[in-house]
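Work through the exercises below with the structure in view. Each task is followed by its solution.

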Amino acid sequence: MNSMQSLLAASVISIQNSCFTYPACQNCFSRLILDSRRFNCLKCGCTGEAKDASYRYRLSLKIADTNDLFDITVFGSCLDPFFGVTAENLQRYIQDFNQLSGERNTESSTRALVQAVETCFIGKKFIFGV
């Protein structure tokens, strides 16, 4: 496995999914399995109450430099400045908004968030560590 790292200046072409946060294990950062009351990490075995699960950013992008297209995923707190809040707070805001608005279908809040993320990233050039 090549462990060489480099920088890549590229423009964002598209956002690959509409789920920008995920419940993350505090030990290994793997996705947690949540049910209504508990969480479980299949990778390291960590468990706890669902209300105590923390969230992490995961932004999947299609990017292009002058020669190639790439699919990349950006994880973690490096995205905090772009969203203006931590992933945990964004997740809480979304849940609170859906509860207060009485939305049973979260499609409208998801659509608004996707549109905001597309406006922030698509067509913009960034330097990615790969």
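**Exercise 1.** State which residues of helix 2 are buried, and where they sit around the axis.

Solution. Ala87, Leu90, Gln91 and Asn98 are buried in helix 2 (buried: under 20% relative accessible area, exposed: over 50%, partly exposed: in between, with a 1.4 Å probe and protein chains only; helices are DSSP runs of H or I with at least four residues, strands runs of E with at least two, numbered from the N terminus). They cover an arc of only 100° around the axis, taken from the directions from the axis to the C-beta atoms, and so lie on the same side of helix 2. The face turned away from the buried side carries the exposed residues Gln99 and Leu100.

The model is predicted: local features need pLDDT of at least 70, side-chain atom pairs pLDDT 80 or more, while totals for chains, interfaces and linings use all residues. Residues are numbered from 1 along each chain as its sequence is written, and side-chain values use heavy atoms, without hydrogens and water.

**Exercise 2.** Classify the ring pair of Tyr22 and Phe75.

Solution. A search of the whole structure finds seven aromatic pairs (Phe, Tyr and Trp rings, the latter by its six-membered ring, with centres within 6.5 Å; planes under 30 degrees apart are stacked, over 60 edge-to-face, the rest tilted). For Tyr22 and Phe75 the centres are 6.3 Å apart and the planes at 85°, so the pair is edge-to-face. Tyr22 lies in strand 2 and Phe75 in strand 7, 53 residues apart. At 3% relative accessibility Tyr22 is buried, whereas Phe75, at 38%, is partly exposed.
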